[in-house]
Amino acid sequence: MLNADKLDFMPKKWYNIVPDLPVPISPPRDRSPDSSSIELLNRVIPKEVLRQEFTSSRYEDIPDEVLEQYVQIGRPTPLIRARNLERHLRFDGRIFFKYEGATATGSHKINTAIPQAFYAAREGIKEITTETGAGQWGTATALAASLNGLRSNVFMVRVSHDQKPLRKTIMNLYGANVFASPSPMTSFGKGILQNNPNHPGSLGIAISEAVQYALDNDFRYLLGSVMNSVITHQSIIGLETKSQLADLGIEPDTMIGCVGGGSNFCGFSYPMIDNKNIEMIASAATEVPKFSKGEFRYDNIDTAGILPQLKMLTLGSDYVPEGIYSGGLRYHGVAPSLSLLIRGGRIETSEVTESASMEAMKIFSRTQGIIPAPESAHAIATVIDYVKNPSNRGKDVVFNLSGHGLMDLSIFGDGKV
Ligand SMILES: Cc1ncc(COP(=O)(O)O)c(C=O)c1O
């Protein structure tokens, strides 16, 4: 099929769950009366993204230019039946996965990077900034910027920057400036480096630098998860899945995905949330027990407390998780809409240990040939547990494979797997 034809198969609107939530979502708030983090959002986030953040309309048109870029980076992504995994698990139902690793940058993150970069460019902005930990989000931002004629500046946590040189190379190839954070590019970074030239950095510091650099230069800052607008963009995953399943005449029994901030799981599941027959299970890391131990309250979005606070399930923005490999699952909170749906009982949860997720990574690689990202492997581990339960025999299970793990192989250390 020619790429040009694929446009015909693309959903033309994103879905926004906000008007369909059982209880209204609480708005973001300043972290203290004398801070102006909401005002800061107005200055660093592209205007259209901000509008989408607070809209209560159910559907948002996807601009033609964004649709074209979605096709260019590999959308629609395939929905694949994992027959060999079914055989391996002796499961008499069906397992399907939506493969977001098939995008050019290897994960779902590009689904929101593209519209955010597009809106920034349309507003006359020339450069954007963001932070990245493990590198998936920075890579997506770098490509989205170039596709939209923007320069990009990625503040990469110094330890990851030093440990993952290939990630930096990819971002550079896509045209991004990549700075090990703390960096000399901002006064905040300079201050930290003066005290400790070898500071390893943290996501909080990298966010602070990316936001400050955007403010200082009238650039715009791109956000990778948690926010309503990001989840709306990610609904492209679930909208495609819905029509692919409909083409096959399948109504799934169960949908499963992994949760860092929540963007891939929400984007995958929300377009089918109105079908009460479908069980939905969100999977997180045992080492970051936000479902079982999180409190529902206002908390900082970012560890540095620069951005506003959101009401969500949270372990506390100062929570220091164990150093698990799934960098994308180490986030302390759960997107506000997902927090509400979990509390209301519409969405179930599971927590998976690092060793169970690594085992799932091996099983999936050996049965299906695709090496999943360690984050996505949590969803696979939850699928495996689910289908082993005799009461789930014969069911149709669909999960979201949010990214491939080809850049994460250091998880296996010396290569002995
Ligand atoms: C491949 C992959 N899956 C999942 C996640 C978790 O993020 P979210 O919950 O926002 O989808 C990440 C985040 O970095 C990721 O890179």
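**Entry 1: The six-stranded sheet**

I found an open sheet of 6 strands in the order β3-β4-β14-β9-β10-β13, with mixed pairing. I took strands (E, at least two residues) and helices (H or I, at least four residues) as DSSP runs numbered from the N terminus, and I counted two strands as paired if DSSP finds at least two bridges between them. β3 (79–81) and β13 (347–352) stand at the edges with a single partner strand each, so one side of each has no neighbour in the sheet. From one strand to the next, the twist averages 25 degrees. I noted that strands of a sheet pair through backbone hydrogen bonds, either parallel or antiparallel.

I recorded that this is a predicted model, in which local features need pLDDT of at least 70 and side-chain atom pairs count only at pLDDT 80 or more, while totals for chains, interfaces and linings use all residues. Residues are numbered from 1 along each chain as its sequence is written.

I then looked up β3 and β4 (residues 94–99), which pair in the antiparallel sense over 3 bridges. Ile80 stands opposite Phe97 in β4. Helix α17 lies across β4, β9 (254–258), β10 (279–285), β13 and β14 (396–401), and runs at about 145 degrees to β9. Such angles run from 0 to 180 degrees between N-to-C directions, with axes fitted as lines to C-alpha atoms, for helices over the stretch in contact; contact requires C-beta atoms, placed from the backbone, within 7 Å.

**Entry 2: The four-stranded sheet**

I found a second open sheet, in which 4 strands follow the order β7-β6-β5-β8 with parallel pairing. Its edges are β7 (177–181) and β8 (220–221), each with a single partner strand, so one side of each is left without a neighbour in the sheet. β5 (residues 127–132) and β6 (residues 151–157) run parallel and are joined by 6 bridges. Thr132 stands opposite Met156 in β6. Helix α7 lies across β5 and β6, at about 170 degrees to β6.

**Entry 3: A helix pair**

I examined α4 (residues 64–72) and α6 (residues 110–122), which pack at about 145 degrees with axes 10 Å apart. In the contact, Glu65, Val66, Gln69 and Tyr70 of α4 meet Ile114, Pro115 and Phe118 of α6.

**Entry 4: Backbone details**

I noted that most residues other than glycine have a negative phi, and most peptide bonds are trans. The bond from Arg75 to Pro76 is cis, with omega near -10 degrees, and Pro76 is in the loop between α4 and β3. Ser181 and Pro182 are also joined by a cis peptide bond, with omega about 10 degrees; Pro182 lies in the loop between β7 and α10 (187–195). Asp218 is not a glycine, yet its phi is positive, about 55 degrees. Asp218 lies in the loop between α11 (203–217) and β8.

**Entry 5: The ligand**

Which residues are closest to the ligand? I found 19 residues around the ligand, the closest being Ser225, Gly260, Asn264, Gly328 and Gly403. A residue counts as near if its C-beta atom, placed from the backbone, lies within 6 Å. At least two residues of this shell come from each of α7 (136–147), α13 (263–269) and α17 (374–388). The largest share, 3 residues, comes from α13.

How values were computed:
Contact = placed C-beta atoms within 7 Å.
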